[in-house]
Amino acid sequence: MTRMRLRKAWAGMAPRMSDPQYLFDQYPELLAGCMYEAPPGWTHGIDQALADVHQWLTEHDDLLEGWPHFVQIKEKFGSARLYLSPLACVSEDRQEASALFFELEDLIGRHEQAIGQTCQTCGARPSELCTRHGWLSTLCPACKSKDPEMTYVSESPDSQ
Ligand SMILES: [Zn+2]
């Protein structure tokens with residue numbers, strides 16, 4: 001339900017969606033000092049990830065000793081990497097603290113996976129991991145076809 005509400009809110013912001021500065025304006029605490037190196041097609045997916053992480057942190061605020069922030073957000077080997085600073089919990093209970101940690105890790109991991117299925121150039125789905133002389137990118141069929149040397153990793157003889 002929250003997701004629906006957020007999607008609608010973003011729909012009205014479409015023209016700015018590929019500009020990562022928008023993310024820095026929207027989530028100043030989460031992105032303070034962040035090395036942001038993600039491709040333009042992923043801005044929207046990263047926006048969704050940040051919204052969910054922000055919401056999760058808000059919901060668990062009383063259990064946290066300050067909020068972590070994203071140290072680095074980038075593309076690596078065609079997949080999305082969102083690196084968060086360590087999570088500090090108020091609880092002395094290690095089990096409770098690690099449960100919190102894994103919950104947040106899982107949330108971020110699911111977003112990384114979803115972002116990694118999106119074209120890093122234009123944001124379209126479905127997209128697939130492609131290679132060009134060993135250089136990996138996640139691209140939709142239209143963006144892939146603009147470069148005749150780009151091949152699908154799944155069709156590459158190296159992956160057989
Ligand atoms: Zn594309």
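Author: Start with a definition: a residue is buried if 20 or more other C-beta atoms lie within 10 Å of its own. Keep in mind that this is a predicted model.

Reader: What percentage of the 160 residues is buried?

Author: Apply that cut-off of 20 or more C-beta atoms to each residue. Over the 160 residues of the chain, the buried share comes to 22%.

Reader: What pattern do the helices and strands follow along the sequence?

Author: There are five helices and six strands in the chain. Read along the sequence, the pattern is α-α-β-α-β-β-α-β-β-α-β.

Reader: Which element gives the largest share of the largest nonpolar core?

Author: That core has 15 residues, and Ile 46, Ala 49, Phe 70, Ile 73 and Leu 82 have the most contacts inside it. Two or more residues each come from helix H3 (43-59), strand E2 (70-76), strand E3 (79-84) and helix H4 (94-115). The largest share is three residues, and it comes from H3.

Reader: Which core lies apart from that one, and which cysteines are among its residues?

Author: Another core lies apart, with five residues. Among them are Cys 119, Cys 130, Cys 140 and Cys 143.

Reader: How far apart are the end C-alpha atoms of H3, and what span should its 17 residues have?

Author: Count 1.5 Å a residue, and the 17 residues of H3 should span 24 Å. Then check the model. The end C-alpha atoms of H3 agree with that, lying 24 Å apart.

Reader: Which residues of H3 are buried?

Author: An α-helix has 3.6 residues a turn, so residues three or four places apart point the same way. Keep that in mind while going through the list. The buried residues of H3 are Thr 43, Gly 45, Ile 46, Ala 49, Ala 51 and Val 53.

Reader: What is the order of the strands in the open sheet with mixed pairing?

Author: E2 and E3 run antiparallel, joined by six bridges, and Phe 70 stands opposite Leu 84 in E3. Strand E1 (35-37) and E3 are the edge strands, each pairing on one side only. The order is E1-E2-E3.

Reader: Which residue in the turn between E2 and E3 has a positive phi?

Author: E2 and E3 form a hairpin, with two residues between them.

Reader: Which residues does Ile 73 contact, leaving aside its neighbours within four places in sequence?

Author: Ile 73 is one of the residues with the most contacts inside the largest nonpolar core. Leave aside its neighbours within four places in sequence, and Ile 73 is in contact with Cys 34, Tyr 36, Glu 37, Ala 38, Ile 46 and Leu 82.

Reader: Why is one side of E5 and of E6 left without a neighbour in the sheet?

Author: This open sheet has three strands in the order E5-E4-E6, with antiparallel pairing. Five bridges join E4 to E5, while two bridges join strand E4 (residues 128-132) to E6. Strand E5 (135-139) and strand E6 (151-152) stand at the edges, so one side of each has no neighbour in the sheet: each has a single partner strand.

Reader: What is the bridge partner of Thr 131 in E6?

Author: E4 and E6 run antiparallel. In E6, the bridge partner of Thr 131 is Thr 151.

Methods. Residues are numbered from 1 along each chain as its sequence is written. This is a predicted model: local features need pLDDT of at least 70, side-chain atom pairs count only at pLDDT 80 or more; totals for chains, interfaces and linings use all residues. A nonpolar core is a set of buried Ala, Val, Leu, Ile, Met, Phe, Trp, Tyr and Cys residues joined through C-beta atoms within 7 Å. A residue is buried if 20 or more other C-beta atoms lie within 10 Å of its own, exposed if 12 or fewer, and partly exposed in between; C-beta atoms are placed from the backbone. Helices (H or I, at least four residues) and strands (E, at least two) are DSSP runs, numbered from the N terminus. Two residues are in contact if their C-beta atoms, placed from the backbone, lie within 7 Å. Two strands pair if DSSP finds at least two bridges between them. The expected span of a helix is 1.5 Å times one less than its number of residues.
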